[in-house]
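Hello,

Here is the structure I promised to pass on. My notes follow below it.

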Amino acid sequence: MNAPGELKRQHVIDPEICIRCNTCEESCPIDAVTHDGNNYVVKFELCNFCNDCISPCPTGAIDNWRRVAQPYTLEEQFSWDTLPPDTSPEVAGDDDLPEEVQRITDIATQGQGGTAAPPWSAAHPYLNLYTLARPAEATVAGNFRLTAADTSNEIHHIVLDFGPTAFPVLEGQSLGVVPPGVDDAGKPHHIRLYSIASPRNGERPDYNNLSLTVKRVTADRDGNPVHGIASNYMCDLKKGDKVKVVGPYGASFLMPNHPGSSIIMICTGTGSAPMRAMTERRRRRMGLKEGGELWLFFGARTPDELPYCGPLMKLPKELINVNLAYSRLPDQPRQYVQDLIRERGEDIARLLKDENSYIYICGLKAMETGVDEAFADVCRGHGMDWSQLLPVLRAASRYHVETY
Ligand SMILES: Cc1cc2nc3c(=O)[nH]c(=O)nc-3n(C[C@H](O)[C@H](O)[C@H](O)COP(=O)(O)OP(=O)(O)OC[C@H]3O[C@@H](n4cnc5c(N)ncnc54)[C@H](O)[C@@H]3O)c2cc1C
């Protein structure tokens with residue numbers, strides 16, 4: 001969803017290249033593609049950029065996008081012999097991203113209502129310095145398993161060193177990994193995004209390195225066995241291996257820097273990566289007393305599956321309020337991050353009312369609904385209406401979601 005006056009992203013099909021094979025219509029899971037006797041077209045209101053139609057298309061006609069003030073109607077699209085010229089304005093920020101990254105980012109930020117501005121006091125990010133045509137090369141400086149060896153949930157902490165190559169990042173940004181090799185169709189693998197888990201001055205302060213938190217994907221979202229291309233490649237990397245990296249990306253999920261600004265971080269699994277980066281930034285600057293409060297709500301099945309569990313528990317209490325939810329502890333009721341948000345409702349309500357507090361949510365898409373309901377409950381109990389407050393938070397760049 002876009003705010004009034006904002007440019008909207010529209011998926012269109014190039015009628016000059018399209019061979020009318022119906023593949024896109026068949027592969028769209030939500031019937032957003034349709035056709036008449038002339039053209040195959042995409043219904044603007046329905047398309048959610050899921051990308052399922054892109055790779056099956058034999059010609060690439062499907063891979064076209066526009067940024068428009070007023071979306072093209074179906075009638076207009078049916079009448080096209082050629083695509084209208086791309087008049088999308090050149091704007092700085094996420095709009096400059098390569099189409100592939102833009103598509104992924106659009107899906108990841110659906111929960112926050114689309115592209116959002118960063119907090120007013122965020123540092124200015126560098127974007128898209130390295131592209132597929134000219135990727136950066138990083139060297140693996142370390143690759144450690146974070147979760148216990150006897151759990152199926154394998155998460156790695158991977159340190160990449162950029163040597164003499166500049167790769168400036170901010171907490172909350174991500175980079176793209178280019179997995180080597182080709183897919184079943186013989187095309188190069190597409191890039192995968194990974195959030196940066198270290199603060200802006202490096203995993204090791206003032207070294208030109210950064211860290212990532214990568215989960216080895218061995219099952220798809222329905223639990224069927226699968227071999228995740230990029231995550232397995234990353235988790236198997238050895239010290240000294242070279243990795244092709246593009247980016248950095250992300251101009252929205254950035255931390256506030258002004259004195260007194262508070263951060264509520266809500267995450268599961270590898271969604272902890274940007275939270276670790278922000279926390280570490282604040283920890284390294286504790287003496288400067290510039291931050292407000294830090295609150296972390298972090299969910300995992302067990303402590304053995306919670307990345308960075310040990311270091312988290314050692315953080316100074318005056319730095320951060322850590323709330324850990326475990327959903328699979330023997331003989332314990334299942335607890336999720338949303339339960340802890342409700343338990344801490346008094347503090348959450350206080351922070352929601354404070355215009356210097358900022359919310360960050362990161363992890364699997366499935367967490368969004370529970371967190372949203374918890375905020376609604378907290379608001380109900382404290383004389384606020386979540387449905388009215390949420391747009392206010394979004395407009396003030398105080399509500400950021402990155403889920404995948
Ligand atoms: C903004 C952003 C930030 C991200 N940050 C991180 C991060 O910090 N750490 C991290 O590990 N991942 C992160 N991801 C996810 C990452 O980009 C990849 O999607 C993920 O590693 C799977 O890639 P793959 O190549 O291994 O699997 P693929 O070969 O692409 O997919 C194999 C199968 O696994 C399914 N699948 C994809 N991702 C997951 C998942 N997370 N869990 C279960 N099934 C999945 C796919 O639907 C597919 O069926 C992020 C994604 C986005 C959009």
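Which residue in S14 does Ile263 stand opposite? Tyr358.

First, the ground rules. This is a predicted model, where local features need pLDDT of at least 70, side-chain atom pairs count only at pLDDT 80 or more, and totals for chains, interfaces and linings use all residues. Residues are numbered from 1 along each chain as its sequence is written, and side-chain values use heavy atoms, leaving out hydrogens and water.

Now the sheet. It is open, with 5 strands in the order S13-S12-S11-S14-S15 and parallel pairing. Strands (E, at least two residues) and helices (H or I, at least four) are DSSP runs numbered from the N terminus; two strands pair if DSSP finds at least two bridges between them. S13 (321-326) and S15 are the edge strands, each with a single partner, so one side of each has no neighbour in the sheet. On average, neighbouring strands are turned by 10 degrees against each other, direction ignored. Axes are lines fitted to C-alpha atoms, for helices over the stretch in contact, and angles run from 0 to 180 degrees between N-to-C directions.

Helix H5 (residues 272-284) packs on this sheet. H5 touches S11, S12 (294-300) and S14, contact being heavy atoms within 4.5 Å. Its direction makes about 150 degrees with that of S11.

The pairings: 6 bridges join S11 (residues 262-268) to S14. Another 5 join S14 (residues 357-363) to S15. Cys362 has Glu402 in S15 as its bridge partner.

Last, S15 (residues 399-403). 5 of its 5 residues are buried, so S15 is largely enclosed by the rest of the structure. Buried means under 20% relative accessible area (1.4 Å probe, protein chains only). Tyr399, Val401 and Thr403 point one way; His400 and Glu402 point the other.

Best wishes

Methods: Buried means under 20% relative accessible area, exposed over 50%, partly exposed in between (1.4 Å probe, protein chains only).
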